[in-house]
Amino acid sequence: MFHYTVEVQKEMNETMEILEESLKREGFGVLWKFSVTEKLQEKGFDFQTPFVILEVCNPQEAARVLSENLLAGYFLPCKIVVYKENETTKIGMPKPTMLISMMNNEQLEHLAENIEKRLISCINECK
């Protein structure tokens with residue numbers, strides 16, 4: 001499966017607060033928080049599903065990945081989504097290992113495995 005997604009028992013705002021704190025402890029910062037819902041409504045679309053995209057980055061890991069291969073920058077920063085589906089809050093992300101596997105670079109794959117484990121740990125803290 002190309003993504004990792006979990007259901008949580010909390011509301012979106014609380015979930016995002018817990019997630020951001022967990023990411024911070026793991027050395028990841030939130031570069032951008034984008035409410036797809038607000039933007040679509042602003043553009044006149046009747047989109048009611050709460051859906052937020054977080055772009056997250058760990059500068060040390062980004063430097064390591066880019067030093068190995070600049071084209072890996074196509075997959076940066078990592079994205080995590082928080083959304084509501086059928087009244088359930090969910091958190092998910094595309095798996096870094098799946099994205100990096102397209103580059104056929106063993107060193108990058110090892111880096112992606114480490115990053116993925118850390119991000120999954122952060123997501124799981126929100127359960």
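**Reading salt bridges and a buried Asn**

Reader: Is Lys84 buried or exposed?

Author: Lys84 is buried, at 15% relative accessibility. Buried means under 20% relative accessible area, exposed over 50%, partly exposed in between (1.4 Å probe, protein chains only). The model is predicted: local features need pLDDT of at least 70, side-chain atom pairs count only at pLDDT 80 or more, and totals for chains, interfaces and linings use all residues. Residues are numbered from 1 along each chain as its sequence is written, and side-chain values use heavy atoms, with hydrogens and water left out.

Reader: Which side chain meets Lys84 in a salt bridge?

Author: Side chains of opposite charge can pair when their charged atoms come close. A salt bridge puts a side-chain nitrogen of Lys or Arg within 4 Å of a carboxyl oxygen of Asp or Glu. Here Glu11 pairs with Lys84 at 3.1 Å, N to O. Glu11 sits in the loop between strand E1 (3-8) and helix H1 (12-25), and Lys84 in strand E4 (residues 78-85), so the pair ties together parts 73 residues apart in sequence. Helices (H or I, at least four residues) and strands (E, at least two) are DSSP runs, numbered from the N terminus.

Reader: How many salt bridges does the structure hold?

Author: It holds 11. One of them joins Arg64 and Glu61 at 3.1 Å. They are 3 residues apart in helix H3 (residues 59-68), about one helical turn. Glu61 is buried at 6%; Arg64 is partly exposed at 39%. Shared partners link Glu26, Glu61, Arg64 and Arg118 into one network of salt bridges.

Reader: Which side chain does Asn105 join in a polar contact?

Author: A polar contact is a pair of N or O atoms within 3.5 Å; within protein, one must be able to donate a hydrogen and the other to accept it, and residues adjacent in sequence count only if both atoms are side-chain atoms. The Asn105 side chain contacts that of Glu68 at 3.3 Å.
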